[in-house]
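Subject: Structure handover

Hi there,

Here is the structure I promised to pass on to you. Please have it open beside this email while you read, and my notes follow below.

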Amino acid sequence: MEYKKPMGVDIDLETGVIPGAKKLVRRLSDLKGYFQDEEAYAELLKENPVVYEVYAVEQEAKDGDLNFATTVLHPGKVGKEFFFTKGHYHSKADRAEIYYGIKGRGGMLLQTPEGRAEWIEMRPGTVVYVPPYWAHRTVNTGDEPFVFLAVYPADAGHDYGSIAEKGFSKLVVEENGEVRVVDNPKWKE
Ligand SMILES: O=P(O)(O)OC[C@H]1O[C@H](O)[C@H](O)[C@@H](O)[C@@H]1O
Ligand SMILES: [Fe+2]
C-alpha cells in the first residue's frame, strides 16, 4: 500500500491565499449571460474586473478523497445584482460540501433541481453544509472581499450547465441600500 503524505498549510486569513495552491481567476468576461442587467454588464465589461479568485488543492478524482479551496469573491455589483460565483451542481450530484466563512460578508444561494431556493447568510465563522443534490453559488453582499474555505469530495466535479443556462430562481440584489433576495423574473422551470 502506497500512503499519501499528510500535509498542513496555513491560509492567509487576510488575503485568502493558500500557499502552493492552484490559482484560478474569473473575470467579468467569464460570466457572460449570468447577470440580469445586460446594459450594466456591457458597461462594466470595459473594465473587465476580476470577480473572484480560487486557490485549490485538489487530489485525483477518486472516491473517498477530499479537495479544499479558498475563494476570494470581490465586492461589486452588475446593476442591482451583487457579484457572485458561477454556481454549480456536482457532476456526481449526490456529493455534499462544507463551506467556512473567513472574512467579509456574503451568503450562499442553494437550489434543488426543481428550483426550490434557499439563502444562507455567511460571515467569518459561519459553517454551511451543502447537502447532496443542491446547486450552490456564493454572493458578496459587502464592500470588502468575501473570503471562504470549501471542502468537497475529490470526485464531486463541477456541473455548470443548467445554472449557466437558467440561473437560480432567486436573485440577490441591493434595493434602497438593503440586501434583498428576490424572485428571478427570467426563471423558468
Ligand atoms: O466553480 P464556481 O461555481 O465558479 O465556484 C468557485 C469555487 O468555489 C469554491 O471554492 C468551491 O470549492 C470550488 O469548487 C468552486 O470552483
Ligand atoms: Fe461545489
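The largest nonpolar core has 34 residues, and those with the most contacts inside it are L28, F35, V51, V78, Y99, M108 and M122. (A nonpolar core is a set of buried Ala, Val, Leu, Ile, Met, Phe, Trp, Tyr and Cys residues joined through side-chain atoms within 4.5 Å; buried means under 20% relative accessible area, exposed over 50% and partly exposed in between, with a 1.4 Å probe and protein chains only.) Among the elements that give this core two or more residues are helix 1 (38–45), strand 7 (106–111), strand 10 (135–140) and strand 11 (146–153). Helices (H or I, at least four residues) and strands (E, at least two) are DSSP runs, numbered from the N terminus. Another core, of nine residues, lies apart from it and includes I18, V57, F68 and V72.

Before going further, please note that this is a predicted model: local features need pLDDT of at least 70 and side-chain atom pairs count only at pLDDT 80 or more, while totals for chains, interfaces and linings use all residues. Residues are numbered from 1 along each chain as its sequence is written, chains are lettered from A and ligands numbered from 1 in the order in which they are written, and side-chain values use heavy atoms, leaving out hydrogens and water.

Now to the aromatic rings. The whole structure holds four aromatic pairs (ring centres of Phe, Tyr or Trp, the last by its six-membered ring, within 6.5 Å; planes under 30 degrees apart are stacked, over 60 edge-to-face, the rest tilted). The F35 and F83 rings are 6.5 Å apart at their centres with planes at 50°, so this pair is tilted. F35 sits in the loop between strand 1 (22–27) and helix 1, and F83, 48 residues apart from it, in the loop between strand 5 (81–82) and strand 6 (97–103). Both F35 and F83 are buried. Y99 in strand 6 and F148 in strand 11 are 49 residues apart, and they too form a tilted pair, at 5.4 Å and 35°. Ring pairs also join F35, F83 and F84 into a cluster.

Finally, the sheet: three strands form an open sheet in the order 8-7-10, with antiparallel pairing (two strands pair if DSSP finds at least two bridges between them). Strand 8 (117–122) and strand 10 are at the edges with a single partner strand each, so one side of each has no neighbour in the sheet. Strands 7 and 10 pair over six bridges, and L110 has H136 in strand 10 as its bridge partner.

Best wishes
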